[in-house]
Amino acid sequence: MDFLELRGGVAPGDGAVLRTMGATDARRCAVAFAQALRLRETTRAMLGAMASKRPVRAQWVAEVNQALAAGAGASRLLRQDSGWRLGLSPGPAGPLQALAPVARAIADLVVSGRSVEIGKCANPRCALYFRDRSRTRRRRWCSMAVCGNRMKVAAHVRRHGRRRPA
């Protein structure tokens, strides 16, 4: 919820309602969690296909569409600072509502088609994908500070071995 609120996927008020739902409706939350795990696997499969320039399967699209439907709502005006902004009034509140912004993000990537460069992190222990916006389109790691550094240190150790400090 913190991530979705930070990224604007869920309004802070809706996030608070969804957080309390775990105590009041554990069964619906368990169903939503199982669907979230399926959506995660579907998203990884879709990103893998896009990274290797393969077509997106219809069954993946159906799962994303199901998650998108959980967040169905209508546009409405919302107060923002001293003015207004157009926002989404969510449909019936439920734990599945939290999946809609994630599904929307993957749907936007699929709609962008082959013009979007998706890459898989070169660290074999990392499961992350990234959008390559580098100038040369040769990015290798999800994060230079984490995976890139680890891989470079490991390569250095393979080449030079571990040296003990004197």
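This is a predicted model: local features need pLDDT of at least 70, side-chain atom pairs count only at pLDDT 80 or more; totals for chains, interfaces and linings use all residues.
**Entry 1: getting started**

Partly exposed, in these notes, means a relative accessible area between the cut-offs for buried, under 20%, and exposed, over 50%. By that rule R40, with a relative accessible area of 41%, is partly exposed.

**Entry 2: salt bridges**

I wanted to know how many salt bridges a search of the whole structure finds. The search came back with seven. My reason for looking is simple: side chains of opposite charge can pair when their charged atoms come close.

I began with E41. Its side chain meets that of R40 in a salt bridge, with 3.6 Å from N to O. I then found a salt bridge between the side chains of E41 and R44, also listed at 3.6 Å, N to O.

How far apart are E41 and R44 in helix α3? They are three residues apart there, and because of that about one helical turn separates them. Helix α3 itself covers residues 26-51.

E41 comes out at a relative accessible area of 42%, which makes it partly exposed. R44 is partly exposed as well, at 32%.

**Entry 3: over to helix α5**

Next I looked at R104 and D108, whose side chains meet in a salt bridge at 3.1 Å, N to O. Both sit in helix α5, residues 100-112, and because they are four residues apart, about one helical turn lies between them. D108 is partly exposed, with a relative accessible area of 39%.

**Entry 4: a network**

Which residues are linked with E5 in a network of salt bridges? I found D2 and R19 joined with E5 in this network.

**Entry 5: the largest pocket**

I turned to open space and looked up the largest pocket, which holds about 960 Å³. The elements giving two or more residues to its lining are α1 (2-6), α3, α5 and β4 (129-131). Helix α3 gives the largest share, seven residues.

What classes of residue make up the lining of the largest pocket? I get 19 nonpolar, two polar and six charged residues.

**Entry 6: looking back**

Helix α3 holds the E41 and R44 pair and contributes to the pocket lining. Helix α5 holds R104 and D108 and is also among the elements that line the largest pocket.

Technical notes:
Residues are numbered from 1 along each chain as its sequence is written. Side-chain values use heavy atoms; hydrogens and water are left out. A salt bridge is a side-chain nitrogen of Lys or Arg within 4 Å of a carboxyl oxygen of Asp or Glu. Buried means under 20% relative accessible area, exposed over 50%, partly exposed in between (1.4 Å probe, protein chains only). On a 1 Å grid over the protein atoms alone, a cavity is a set of points where a 1.4 Å probe fits but cannot get out, and a pocket is an open set with protein on both sides within 12 Å along at least five of seven lines; lining residues have an atom within 4 Å of a point. Grid points are joined across faces, edges and corners, and a volume is the space filled by probe spheres set on the points. Ala, Val, Leu, Ile, Met, Phe, Trp, Tyr, Cys and Pro count as nonpolar, Asp, Glu, Lys and Arg as charged, and the others, Gly among them, as polar.
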